[in-house]
Each structure stands twice: as C-alpha cells, then as structure tokens.
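Reader: I have a sequence and a model on my screen. Can you walk me through reading it, feature by feature?

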Amino acid sequence: MTALKLRFPGSSTDDLPLDAGELGIGLRADGAGLGPVSTEAACVRVCVDRRGVWLTVGEDAGGVHVNGRRIQRVAMLRTGDAIFVAGHELRLLPEQPPAPPSAEDVPQGDAADPDPRMVLRGLGGRYHGRCFTLDRARLIGRQSDADIRIDDPGFADRHARLERVGDRVRLIDLGSAEGSVVNGQTVRDALLQPGDQIVFDAHHRFVVEAPARGGMITFGHGPADEFDDGPDPFDVPATGRLRLPWLLLAAVLLAAALGALFLFGAS
C-alpha cells in the first residue's frame, strides 16, 4: 500500500503519517481544529489494515462527511478524500505528491493499443457514476466539444487533457489558472495510476480504474460508503468454505432416505 498521511487544513496540526493500526482523531483541547487524540475521546477513528483505510464514526461525532456525503457509521477511504468532522476538514493524502513524468516515463515510437477497459469514473458532481474510456485522449474544459465538459463560468475552455502512457494516464494542464487536484495535491503535469483520484473545479471528482483478472476493480481504496457490522471475511477459515457443500449433500441424502422410508413403509 502507498504510504499515506493525514493533513489538517486550517489547523496548526502537522501532517500525520499513517501506519497499520487505529488512530483517534478529535477536537484539540486548545480549540485549534482537529488532531490526534485517544480513541476513547475520538470523534472518528482511522484504521489501516490489509484491506485499506477505514473511517469509523463515534457516537457523539456530530456531522461527518466524506466528499460531501454523510457517513453514519463506517466508510472505506480513498487517497484524496476530503473528510469533514464537526465542520473541520481532514484529508487523506499520499506521502509523496504525484511526480511529473520524465522522458523515460513516456514511451517512444509506436505503442500497443491501449486497453479500452481503463476508465475514468465519476465520483461526484455532474458526472457521478459515469465512465469515460481512456483508450483515446480526453479533453476536460468548458468548450462545447470537450469530452468532459464542466460548464462553470470560472473554468477554462481547455483546462487539461488525459492521455494513455502505457499502463498509466498522463494529466497535462492546458493553461488553466488553478491546475487540477490529484489525490489532494495540486498538479499541472503528472502520471496517474489506477486508484488515483482527480478533482476538477472543487466538486467534479473522478477516479482512474483499470481491468484486472476477474473483472474491473479499483486499485487502492474503495468508495466512501456505509458498511454493516459483521465478521471480517478475511478471517473466515478456509476449511469453513469447504464445509458447506458436504452439508448440503448430507441433507439431500437424508431427505432421499426419509422419502424412501415413507414410500415403502406405507405399501
């Protein structure tokens, strides 16, 4: 998993690197926004495990939102998510910002046809739930022929372009005033990989997704959403998964034996 950190915009709390385990986040005693606290006093708890990064909402946390969506109990976080706790902001960021591509990163000459199943999927804003294939370059801007059109007065006519570079995606700024936000960091030229999150104009949010064996998956962390409490599926013993077919077979045989007993016993 990529090294991650928490950032506390508007607070004097320094960026906080995340390690495996659980961390409590709550209001600081000096009233200067959010910061690390004991898990007992926490408004929310951030847990890092082999599945990703989880946000658990405390009983007295008040309003907790991830990317503008209200979270009641548990959310799985993605790099670049904006979390608001009691009106204070918290961001999940990679330890290192996306680096601009070097000459070695850009393949020379003819390249193989890009996989059309690599897509840019909308997570918020006008294009929420919509996918754009990345088998060809995509223009983002306000002009009418843009592939991803953001018709806001302050948005550039030609804001940026996305194009495939091997198994990654290059974001190229086309002269916008504010740049683009990738995983919570403002960039103008960067190579993206599956799981990276891009935000245009503050609330148009997308994620890069790619195919994998067994179907389309998102690399990195899943979308913010609620999850019911229950046993961890990773903790189910392998033998438990093999026991169910034998139980079904035994039940079928028992039912057949009882049917035969009633049939021949009645004759």
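Author: Start with strand pairing. This is a predicted model. In it, strand β14 and strand β16 (residues 160-165) run antiparallel, joined by three bridges.

Reader: Which residue of β16 stands opposite R138?

Author: L162 does.

Reader: In which sense do β14 and β15 pair, parallel or antiparallel?

Author: Parallel, over two bridges; β15 covers residues 148-149. Within that pairing, G141 has R149 as its bridge partner.

Reader: Next, the faces of a strand. Which residues lie on each side of β14?

Author: R138 and I140 lie on one side, L139 and G141 on the other. These four residues are buried, and both faces of the strand are covered.

Reader: How should I read confidence here? Which element has the highest mean pLDDT, and which the lowest?

Author: Strand β14 (residues 138-141) has the highest, at 96. Strand β23 (residues 215-217) has the lowest, at 37. The chain as a whole averages 79, and 77% of its residues score at least 70.

Reader: Where does pLDDT stay under 50?

Author: Over residues 213-243. The model has 56 contacts beyond four places in sequence for that stretch.

Reader: How many bridges link β10 and β11?

Author: Four, between residues 82-85 of β10 and residues 88-94 of β11, in the antiparallel sense.

Reader: Let me try a single residue. Is Q185 buried or exposed?

Author: Q185 counts as buried because its relative accessibility is 12%, and the cut-off for buried is under 20%. Q185 sits in strand β19 (residues 185-187).

Reader: Which residues are in contact with Q185, leaving aside neighbours within four places in sequence?

Author: K5, R7, L93, P94, P97, P98 and S180.

Reader: Last, cysteines. What is a disulfide, and how many are counted here?

Author: A disulfide is a covalent bond between the sulfur atoms of two cysteines. To count one, look for a pair of cysteine sulfur atoms within 2.5 Å. By this rule the model has zero disulfides.

Reader: How accessible are C47 and C131?

Author: C47 is partly exposed, at 21% relative accessibility. C131 is also partly exposed, with a relative accessible area of 42%.

Conventions:
Residues numbered from 1 in each chain as written. Predicted model: local features only at pLDDT ≥ 70, side-chain atom pairs only at ≥ 80, totals over all residues. Heavy atoms only, no water. pLDDT = per-residue confidence, 0-100. Contact = heavy atoms within 4.5 Å. Buried < 20%, exposed > 50% of the residue type's maximum accessible area, 1.4 Å probe, protein only. Pairing = 2+ DSSP bridges.
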